[in-house]
Each structure stands twice: as structure tokens, then as C-alpha cells.
Amino acid sequence: MVLAVRGLCKRFGGIDAVADVSFEVAAGEMLALIGPNGAGKTTCFNMLDGQLKPDSGRILLGSVDTTGMTPRRIWRAGVGRTFQITETYASMTVRENVQMVLLSHRRRLMSFRHRAADLYAAEAMELLERVGMADQAERGCGVLAYGDLKRVELAMALASRPRLLLMDEPTAGMAPGERAALMQLVADIVRERNAAALFTEHDMDVVFAYATRIVVLDRGRLIASGPPKAVRDNPHVQQVYLGAP
Amino acid sequence: MASFGFWEPIIIFSLLNLIFTAGLYITALSGQLSMATAAFGGIGGYVSAVLTTNFDWPFLPAIAAAALAGAVLGGLLAALTIRMRDFILKLTTLAFGEAMAVIAFNIPYLGGANGFSGIPLYTTMTDIVIAALLAIYIAWRFDGSRLGFASRAVRDDPLAASANGVSIRQTRIITFMLGSAIICAGGALAAHYVLLVTPSQMGFYYSLNYIIFLLFGGLQVLWGPLLASVLLTAAPEVLRFTSEYRLILYGLIIVMVVLWRPDGLLTRKKGEGSALNPLGPRAPDPLT
């Protein structure tokens, strides 16, 4: 088991943003977290990556209890993250962006010695090759097209060799063709590395094409989970989110 | 070293400003554009002046003490402003600089408004050249080092940097300490050349010069601000033959560079200048 979430709760004022949510993610899985706006998907994500502390419940990453840890420690424990709005370093080149993460992951960042641009260059190029960005390695991140930035961000997330990839709306703002290509890439990488991905997504075509399992939230509560077909046929899910077929 | 006559003070002040600018460049690399450069320079000057004049310290240890004072105060200021960004951060460094000037003004031991005088003349042309080369070397090494990478990451995107395991606190404190140490050492060298340290030279009006050097030269590569500091320090002197028009010409040069090279004199990549602009991508011009 890569990730186990048990009885996770978070209240904002009098509102249960996330109430008693439990699910698990196994190695090799692509788990989609879906639900209407305000269902608690982002709150859930922010607790998993450490930006929010849960009120109760536990988060287990493999055998490590990461509940309430800081984002940095959770990242070191093996959780890679991509953001809904891409977060890269605009003044650095594509290759330097990936090198930055490789250096940070190996705790080799706080040093004055050596030229950083020479360190882990080959490894950074390998990762960029994998996401199809090797030919643009020397370009500045600030000039890239949005779809390309998403690939760079994925390479950066992979640089820390995560066991779990957390992706908040990985295909938001992309053209339909790009969406399929990016999700296929993620699916291939997850399989290759025997890792797991947990993603939120509003595009149901993407969800049903690439998720191996789906968890549905509504008003903070888990209302259904299972393989895509079972979730699609669930009357409750159809009623609150998917609409009647 | 040989005498340079008319050129000697111009060369010395150009190189002193280059040292200050190198320090400011390092501080700014992690996204903290300090508005207190002149204040740190003044602090370095006071420390070294007092130690040599009143306590008979030799020159080198006095410079080292000035640099140490800069590192400590720079580190404290960075720790104080760790949660601040952008405008508030700049205003706080500005207030810090002004406060330091007022404090110096009110300490009779430091000479008050008249400043601290009677400082021994130590700084020679050779010292300045060696110090400038050292400052360039340190800034250059820092720029390309892993800490330099971490600094740029923190400046470009603090959220992503912390998600990638970079400590914003450590990075910002280290850059501010190193930058301020260099500036204070430069201030000490200046004090032993000018032979006077006054509170008025610590104010924002003087700090602004270094920000002009930084923006004029461009924040993308170290060589831009360094070149700008030398060019712009020398420009008013070289233009002296135009008498009262020289300041107008100085302003004109700055305006022309801002118009033609908005990202600064030197940029990192041809054609991708503005996208690599560390001050953030510019919004598209609605008129074009």
C-alpha cells in the first residue's frame, strides 16, 4: 500500500470540509478524486501534502505516518506534487529547473562549492527526455507554452523519485489532444516505476480513460469508490455529480 | 601602484560602487531587493573607523570586523522580514536604513551629525583593486553555486521552492548575510579613503543609486549590474566637460537604456530576455 488515509477530518468554522474520509492507494494505481465544486478535493490534497493539518484522522505513506508533517518532510518522504496552476522557476532554464529539484532532493543545495549547472545535468536530461522536453532543455521556463510547462513540472515532480504523485487538475488549461498525451505519459511512468498517482480532475473523459479507480466526494464525505465502471453506474454519483446517463 | 592622477578617485569610487553592487546583487538574488545598501555601507564605515581610530586596530582585522557586523545585522534583518514579500519587504529595509542613519546621528561618540572624522588613510588603489576582484569572485561563485540556484528558486516561486524542499528561511538569511558582509567591508574601505563617515550618507537617497545600478545593468546576470556600477559612477565625471549639462546627459543615458533594453544592459539569453525577467513577466502592452 503506497498511501492509506484513515478517518480524515477538517473543519473550517462550522463547515465539515472533509469528514471522515478513508481510502487507500496501491502501487501502480491511478486514483482519481472527483466530486462537485466544494466537495473537499483540494482540502484533502492540501492535507496530504502538508499545507493543512488535519483535525483528526491519519495519513500513512507506506509505513510512515505523515499526519501533520511539514510539506518539506512529506516531500522527502516520497510525495511529488504538481499544481493546478503550474509552478516553475521562470528565470531559470528548463534543465536548471530539474537540476534544482535533483540537488534539493539529495540535500546538496546549501553549498557554495561547485558550479550547480554542472551537477546532475545528465540525470536532468534523462528526465526531460522521458517527458519529451529534452529538445527545449536550454530554453527559459518563462517562454514555454503552457502544455510544455506542465511537462517540465512533471519532470520536476519525478526528480525526487516519489512513490506517490499528487496532481491537482493536471490537465487544466490544456487542449484535448495534449490532455490525453500528458495523462498517458503519467500512466506509463506510474507503471514503469511501480509508483502511484492520485489526481483530481474535472474532465470526465480523462478520468474514465486513465483512472484505475475512482473516489467520489460530496460535501466532504466519501460517497462512492471503486473501478470506473462501478462508479459510473452508481445512482448516487449520477445524482450528485455525473448527471443521469 | 602607479598614480592615475585625475582618474584615480574616479577609478576608486567606481570600484567601491562595484563592491556595493556585488553585495546588493547577492541579497537581491533570493528576492530581497534591499533599500538599505548605503546604511550597511555606513555601518561598515563606522565599525572600522572606530576600531582603527579609537582602539588602534590594524586595517585588515577592522575590515573583517565590519564584514562580521554586516553579516550579523543582515542576518537579523532577514530573519525579521522572513514572512514579508515585495513592497512590504522593500519598505522595511528602507525603514531599517533610515533608522540606522538616525541612530548614528544621535550617538555623540560617533560624532553626531558631523560624522566620525580623524580616520587614518589606509585604503590604497591596490587595496581597492584586490577587494573588487575578491567581491567579483565571491559574487560570481555564489551566482553559479547551488545556493545561487536555491536563491533564484526562492525568488521566482516561493511556493514551488518550499514544495521542492528548499528552505526559504535559510536561503534568504544566508543571501542577506553574505550580501551585507560584502557591503559593510566595502563601506570600511570607503571610510579609510574618504576619511569621514556621516549619517547623511546612509540615507535612502544614496541607497537608490545602487538600485539604479542593479536595474540599469539587469538582474539576470551578475556582469550587468557590475558593469553598470562602473559606467554610471564614471559617467558624470567623464561628462564633466559638458559642465552643467552632465547630469542631464546622465539622466538621458539611463532613460535610453530603459527604453531600448528594458531588461537591463546585459541579459541572459538572446530574444528570451523579458521572459527571464526576475521581476516577473511583464503584462502584454495593451497598445500593441
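Mentor: Keep in mind that this is a predicted model. Chain A and chain B bury about 3,100 Å² between them, with 59% of it on carbon and sulfur atoms.

Trainee: How many residues does the contact take from chain A and from chain B?
Mentor: Chain A gives 35 residues and chain B gives 32 residues.

Trainee: And which three residues supply more than any other three of the area that chain A buries against chain B?
Mentor: Those are Ser91(A), Met110(A) and Phe112(A), which supply 23% of that area.

Trainee: What does E9(A) pair with in the parallel sense?
Mentor: Strand E3 of chain A, residues 30-34, over 4 bridges. In that pairing, Ile34(A) stands opposite Val216(A).

Trainee: And in the antiparallel sense?
Mentor: That's strand E10 of chain A, residues 221-226, joined to E9(A) over 5 bridges. Leu217(A) faces Leu222(A) there. The hairpin of E9(A) and E10(A) has 2 residues between the strands, and Arg219(A) takes a positive phi near 45°.

Trainee: What about strand E8 of chain A, mostly covered or mostly open?
Mentor: Mostly covered: 5 of the 5 residues in E8(A), residues 196-200, are buried. Ala196(A), Leu198(A) and Thr200(A) point one way, Ala197(A) and Phe199(A) point the other way, and all are buried.

Trainee: Which strands does E8(A) pair with?
Mentor: E3(A) pairs with E8(A) in the parallel sense over 4 bridges, with Leu31(A) partnering Leu198(A). Strand E7 of chain A, residues 164-168, also runs parallel to E8(A), and 5 bridges join them. Leu164(A) has Ala196(A) as its bridge partner in that pair.

Trainee: Now chain B. How do helices H3 and H8 pack?
Mentor: H3(B), residues 59-80, and H8(B), residues 168-194, pack at an angle of about 145° with their axes 7 Å apart. The crossing is right-handed.

Trainee: Which residues meet there?
Mentor: From H3(B) they include Ala67(B), Gly70(B), Ala71(B) and Gly74(B), and from H8(B) they include Met177(B), Ser180(B), Ala181(B) and Cys184(B). By class, that contact has 16 nonpolar, 5 polar and 1 charged residues.

Terms used: Residues numbered from 1 in each chain as written. Chains lettered and ligands numbered in written order. Predicted model: local features only at pLDDT ≥ 70, side-chain atom pairs only at ≥ 80, totals over all residues. Heavy atoms only, no water. Pairing = 2+ DSSP bridges. Axes fitted to C-alpha atoms, helices over the stretch in contact; angles between N-to-C directions. Left-handed = near helix turned anticlockwise from the far one by under 90°. Contact = heavy atoms within 4.5 Å. Nonpolar A, V, L, I, M, F, W, Y, C, P; charged D, E, K, R; others polar. Buried area = accessible area lost by both parts, 1.4 Å probe. Buried < 20%, exposed > 50% of the residue type's maximum accessible area, 1.4 Å probe, protein only.
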